[in-house]
Amino acid sequence: MSTEVALQMARGTSTRQIEHLLRRAGFGARPDEIDFYSEMSYAQAVDALVNYPSSGDDVDRFIGQPGFVGTTTRGVFSPNSNITDARQRWLFRMVHSDRPLQEKMTLFWHNHFATGYTKVAGTLGATEGTRYMAAKSADDPGHVQGQIEMLRANALGNFRDILVAIAKDTAMLVWLDGRTNTKAKPQENFAREVMELFTVGVGHYTEPDVYAGARVFTGWNLQRPGTASDGSQHYEFLYNAGQHETTAKTFSFAIYPDGNKTIPARGAANGMQDGLDLINALAAHPNTGRYLAGKLWRFFVSERDPDPAFVERIASVYQQQRFEMKPVMREVLLSPQFIDSAAHWARYAWPVEYVVRALKDVGWTGFSVDTALTPLSNMGQVLFDPPDVAGWDAGTTWFTTGAMLARMNFASTLANNQKFNLATNVKSAGISRNPDSVLAYFLDQIATAPLDTGVSSELSAYLRATGAWTGSDAQLQAKSAGLVHLIAGAPEYQFC
Amino acid sequence: MQITRRQFVKGGVAAFTVTFAAPEVLSDLARAQGTHTRNLVVLYLSGGNDALSMLVPYNDGAYYSRRPTIAIPAGQVLQIGSDSSRVALGLHPRLTGLKQIFDQGRLAFVQRTGYENQTRSHFLGTDIWSTANPNNSQALGWVGRYLDSLPSPVDALVGWNTTGTQPHVLQAGHTGVPAISNPATYSFNSPNSGAEATAERNTAISISSHMPVDRPELAFVYGTTREALSTLNRVATVAQYSPSTTYPNTGFGQAMRAVAGAMAKSIGTKVFYVTTGGFDTHSAQNPNANNGAYFNLMATLNDGLLAFYTDLKNQGLLEDTLVLSFSEFGRRISENGSQGTDHGAASVMLVMGGRVNGGLYGTAPNLNADPNNPTLENNAGDVHYETDFRSVYAQVIDNWLGADSASVLGGNFKKAGLNFI
């Protein structure tokens, strides 16, 4: 029996399902997470992931503490005003949060409402750009809540509420130019994308809908209250009645439950209701649930074509539960398509999923997440900077040759960093005398999709390639690091 | 499901289970052919290029009345004569290098390129320009289909994508295109050195030769890994390239430098993909001021292309090179309230190279906001296309790549008079 078959058999069915769940609903599992969730049935584990408490989120206070993955500071660690530090904070949370689904959904929403730091910073400056993307309101003198913090707070919230919040979000008002949407010259950028990418999808709206939508959001601009001297001055949403276009707006789809397609002419003072009416209509549009279901399918289940039964099921829960994402996500994670063993290891891991899982599997002591930022860029994913408003392409498009080399080279960097720890662990496991035990140990630690036939023998041959096995400290360090590099760089590890 | 931009092409992944990237030994073949390889550089201007700010109809009064704050003054444009409809045209003032190339007869503009019922969506639009198929935006890319049509075995470096992610236009059924954004960092690192590092690399190469059966997604990643490892040595030679001129330190400039390096090192690549972005100028488009948004876009484009042109000319490679640009749409004729322009329809394509018959192809739109103006559409809001973009592709496929455009494009799109190459 080959090593990998033995390993697969050794892992019980329930353990495999829990690990699958944690790879998809989280970013893989630290040893303590495996222990915690393995005590539960699958359904209990789903409940624990979905029903994380609404308060007491304290993962950030461990940043910089011993025993956790490191961060690199240049002066003072400033994740609310420096984008590099904001990226480090988010990676830290992905590794150490005890609410993995919250971080995973935040990434989902970041990709869904894909807003690019570069444009926001180009418009408002780097410090302010970071602030509107990432600031924690409790830390900010003007109580600014950056977009990612808003999405994180609403990670399993109500989709309609998220749409309202995103339409008023400062970074979004800069990113899609809503801040300049005025009655004389309506601005189409947000109106188009809110239909094409955030709700109903292409084919379910018309060009005249875009023009009408632009008029609906006229006057959804920015103001700048607060005072400069105490740092409280900031940009925030303003409904600017004087810039709202007040005539009626007619759409190709129903705006109101009675089927009426026209938002009536309203006085400017009440004109903000236009936008709320349109958002309500888009949230309730029959295709929005399907569109979201398709995106949830690709993010959580599979990158093959969505199963129509899944899409209809999720869309109907979405409608029945009035756009609440918690029951929707519960349904996704309990769906037969998700649980099916054919779905295990079937999805291409995104670069951040790959990097964070590698840290959880290989080890993080003495490693700074800052070291992962350039590799992530080379793999095609820069947090806070998706390529455009449609988010990352994902799927096969992650796997260009350059990106694959970046993954292999990240595995090399991490293995090199963890060399000493890896060898120490092998020694404490008491297996340093036997290279095949060492191989089995690492294949267990760094679980992959089932290895292709013969890969395990090639890894075994590698352990013997440069001379007889002695189990010396020097050999253990070199071979452990080399083996970890090869496993985490293998095609089978690029899935989740 | 609705159309999405997710480029998960049916059959595309499955096809990779039965194909493979050619091993390094083929590089000799590629090198032998190298010096006479014709290169196509596909340049994507991402975001929707505002053709009217690039190629300005500076005698059209409606251009000024409809763009009160962002029109380029007639006195500022770089005049390049008139098109066949006698509309006088001028280049954006920052395109001084392109003006030189135009004057040397090596740059062509194809005006009003697009297609019927042009989409205003970035993503659907990019998919359509990439697939050359307005009816099936999820099809393989047209360049990918061309690569698939080459006799096998196809060298692993037949294409070179200078970006980090795979663009739809390169998506092929069974031909992988390596993504090499920086030849200097395109390497296989190791936590060890010496014999240990060599053993690791040999093991990685050996593992990558596997072709998993009945696991198409895994086979795809194996294929990519194999392709990456098999191209390392040749790409390393490009990293050693010393250009004959200085390239601007922009992403686009450095990408063009890498392309020139690949050509100069004769590694056999036939198709390159480069992109420069930021063309989605909804607000503060500002084409006039130094460091204005569109002004900067033109600076990046101009300086990168001029350096490339100059370098290739110095190296005697210009005659082997054709650059073809596209963008997902042109922009609205009238400016919006944010001193920008929203999504429009027809745009302009650039063709540059040593064998290009330079000049102005097609005719400029008349910008008069009359709903019956035949050169416009959308209630005279947008420019209506005159030349199907596939006619431009067809000319390149037939007359430059030496392939059959009807089979690559799935129909005959040849257009008389479009003889820029």
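Biologist: What makes β1(B) and strand β7 (residues 271–276) of chain B a pair?

Modeller: Two strands pair if DSSP finds at least two bridges between them. β1(B) and β7(B) have six bridges, in the parallel sense, so they count as a pair under that rule. One bridge joins B:Val42 to its partner B:Tyr273 in β7(B). This is a predicted model, in which local features need pLDDT of at least 70 and side-chain atom pairs count only at pLDDT 80 or more, while totals for chains, interfaces and linings use all residues. Residues are numbered from 1 along each chain as its sequence is written, with chains lettered from A and ligands numbered from 1 in the order in which they are written.

Biologist: With which other strand does β1(B) pair in the parallel sense over six bridges?

Modeller: The partner is strand β8 (residues 321–326) of chain B. In β8(B), B:Ser325 stands opposite B:Leu43.

Biologist: How do you know what to call a strand or a helix in chain B, and how many of each are there?

Modeller: Helices (H or I, at least four residues) and strands (E, at least two) are DSSP runs, numbered from the N terminus. Chain B has 13 helices and 13 strands.

Biologist: Why is strand β1 (residues 39–45) of chain B called mostly covered?

Modeller: A residue is buried if 20 or more other C-beta atoms, placed from the backbone, lie within 10 Å of its own, exposed if 12 or fewer do, and partly exposed in between. In β1(B), seven of the seven residues are buried. B:Asn39, B:Val41, B:Leu43 and B:Leu45 lie on one side, with B:Leu40, B:Val42 and B:Tyr44 on the other, and both faces are covered. Over chain B, buried residues make up 60% of the 421 residues.

Biologist: Which residues of helix α5 (residues 96–103) of chain B are buried, and what covers them?

Modeller: The buried residues are B:Gly97, B:Leu98, B:Lys99, B:Ile101 and B:Phe102. Their cover includes β3, β4, β5 (107–114), α11 (293–315) and β9 (347–353) of chain B. Just after α5(B), B:Gly105 takes a positive phi of about 75 degrees.

Biologist: How do you know how compact chain B is?

Modeller: The radius of gyration is taken over C-alpha atoms, and the globule rule is 2.2 Å times the number of residues to the power 0.38. For 421 residues the rule gives 22 Å, and the radius of gyration of chain B is close to that at 22 Å, so chain B is as compact as a globular protein of that length. Along its principal axes, the C-alpha trace spans about 70 × 50 × 40 Å.

Biologist: What makes a set of residues a nonpolar core, and which members of the largest one touch the most others?

Modeller: A nonpolar core is a set of buried Ala, Val, Leu, Ile, Met, Phe, Trp, Tyr and Cys residues joined through C-beta atoms within 7 Å. The largest has 276 residues, of which B:Val42, B:Val259 and B:Val351 touch the most other members. Its largest share, 12 residues, comes from helix α21 (residues 401–428) of chain A.

Biologist: How do you know which residues B:Val351 touches?

Modeller: Two residues are in contact if their C-beta atoms, placed from the backbone, lie within 7 Å. Not counting residues up to four places away in sequence, B:Val351 touches B:Ala108, B:Val110, B:Leu322, B:Leu324, B:Val356, B:Phe420 and B:Ile421.

Biologist: How many residues of each chain take part in the contact between chain A and chain B?

Modeller: Chain B gives 55 residues and chain A gives 61. On the side of chain B, the largest share, 10 residues, comes from α9(B).

Biologist: Into which domains is chain A divided?

Modeller: The division is into domain 1 (63–342) and domain 2 (347–494), with bounds from an automatic or database domain assignment. Their C-alpha centres lie 34 Å apart.
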